[in-house]
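Please open the model in your viewer and keep a selection tool at hand. The tour below goes from stop to stop, saying what to select and what is there.

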Amino acid sequence: MKILVTGGTGFIGKALLPHFNHEHLVVLSRNPNRAYQQLGHHIKVITCLDELPDFNDIDVVINLAGEPIVNKRWSDRQKEVICQSRWDITRKLVEKIKASTSPPHTFISGSAVGIYGDQKSASFDESLEVNNADFAHLVCRKWEEEALAAQSEKTRVCLLRTGIVLARQGGALARMLPAYQLGLGGPIGSGEQYFPWIHMQDMVKGILFLLKHPEASGAYNFTAPNPVTNKEFSQTLARVLHRPHILKTPAWLLKMGLGESSTLLLDSQRALPVRLQEQGFHFSFPKLEHALEETLS
């Protein structure tokens, strides 16, 4: 099986690619030297999709590319970078897929639970349809629309509506750890907002599951089946680290420091992975405490 991956040197990509040792891997990267150093020399690295005349000999495309959405304030310029880093590469991949006479049979493309907006305490699955004007929703909706244009009798499209991925080496947890290790951790805002999380091992396992199940298509919530509130998450993390849990970050301070991007921490998404579970996927880490203990051990 020949697999093309974008975002292969990113947070999820680096965890996923070692599981494809026996496949023929092609990775799109702007920095080939870094890609070879991080991923090994058994892969082929391209710097531009035009290096491939078509996708006729590609079986699977996995699209994980995108500027991190949480690292910087959302200035107009940063919003443009966030959008185009997702939309442009997805559009180009779809154009290549549609132009191929024997296109890839599977296109797996990233998205996020941000597509649902703020749903307060209500639980929901992939059937929830939302139409609002907040930035995270608009980014994800357009991203998914671009990807779904590849759907055909020859190509199935799976969308990864990803929550907060837990891993020690990167992502939200790595940024939270220093404060918690110093005993300075605590809930954000009211703490009542739901925090949709998934262990990195289940993230990777879920992508492999979709690859192995040709009947799978459409949107999937990549979130653990037991979402918790931000307060519960914070208390559990402090307990696993054997640290106090006494401080709190008020919403106004977060909004002052992060601006509009603070919605990523203050909005509530009690997202359930109904479609994955209905199709037979079993989570290795369905409960938060076990997931954090394994991640931080």
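## A tour of helices, salt bridges and loops

Begin by selecting α5 and α7: α5 passes α7 in a right-handed crossing, where right-handed means that the near helix is turned clockwise from the far one by less than a right angle, and left-handed that it is turned anticlockwise. Before going further, note that this is a predicted model, in which local features need pLDDT of at least 70 and side-chain atom pairs count only at pLDDT 80 or more, while totals for chains, interfaces and linings use all residues. Residues are numbered from 1 along each chain as its sequence is written, and side-chain values use heavy atoms, with hydrogens and water left out.

**Stop 1: α5 and α7**

Two packed helices are described by the angle between their axes and the distance between the axes. For helix α5 (residues 171-181) and helix α7 (residues 230-240), the axes come within 11 Å and cross at roughly 60 degrees. Here helices are DSSP runs of H or I with at least four residues, strands are runs of E with at least two, and both are numbered from the N terminus. The axes are lines fitted to C-alpha atoms, for helices over the stretch in contact, and the angles run from 0 to 180 degrees between N-to-C directions. α5 and α7 are therefore oblique to each other; angles under 35 degrees count as roughly parallel, over 145 as roughly antiparallel, 65 to 115 as roughly perpendicular, and the rest as oblique.

Now show the side chains of Leu173, Met176, Leu177 and Tyr180 in α5, which meet Phe233, Ser234, Leu237 and Ala238 in α7, contact being defined as heavy atoms within 4.5 Å. By class, this contact of α5 with α7 has 7 nonpolar, 1 polar and no charged residues. In this classification Ala, Val, Leu, Ile, Met, Phe, Trp, Tyr, Cys and Pro count as nonpolar, Asp, Glu, Lys and Arg as charged, and the others, Gly among them, as polar.

**Stop 2: α3 and α4**

Next select α3 and α4, whose axes are 8 Å apart and which pack at an angle of about 10 degrees. That makes α3 roughly parallel to α4. On the α3 side, the contact is made by Lys79, Ile82, Cys83, Arg86, Trp87, Thr90, Arg91 and Val94, and on the α4 side by Phe135, Leu138, Val139, Lys142, Trp143, Glu146 and Ala147. The residues of this contact of α3 with α4 divide into 9 nonpolar, 1 polar and 5 charged.

**Stop 3: salt bridges**

How many salt bridges does the structure hold? There are 8 salt bridges, each being a side-chain nitrogen of Lys or Arg within 4 Å of a carboxyl oxygen of Asp or Glu. Select Asp88, Arg91, Lys142 and Glu146, which are linked in a network of salt bridges. Within it, the side chains of aspartate 88 and arginine 91 meet at 3.2 Å, N to O. Being 3 residues apart in helix α3 (residues 76-99), these two are separated by about one helical turn. Aspartate 88 is partly exposed, with a relative accessible area of 26%, and arginine 91 also counts as partly exposed, at 29%; buried means under 20% relative accessible area, exposed over 50%, and partly exposed in between, using a 1.4 Å probe and protein chains only.

Then select glutamate 144 and arginine 161, which form a salt bridge with the closest N and O atoms 2.8 Å apart. This pair links distant parts of the chain, with glutamate 144 in helix α4 (residues 135-148) and arginine 161 in strand β7 (residues 156-162), 17 residues apart.

**Stop 4: loop residues**

Move to lysine 120, in the loop between β5 (106-112) and β6 (123-124). Lysine 120 has a positive phi of about 55 degrees although it is not a glycine, and it is exposed, with a relative accessible area of 56%. Its side chain meets that of aspartate 118 in a salt bridge (2.9 Å, N to O), and aspartate 118 counts as partly exposed at 30%.

Finish at isoleucine 188, in the loop between α5 and β9 (194-195), which counts as buried at 14% relative accessibility. Isoleucine 188 and threonine 249 are 61 residues apart in sequence and 4.8 Å apart in space, C-alpha to C-alpha. Not counting residues up to four places away in sequence, isoleucine 188 touches Gln193, Asn230, Thr249, Leu254, Leu265 and Leu266.
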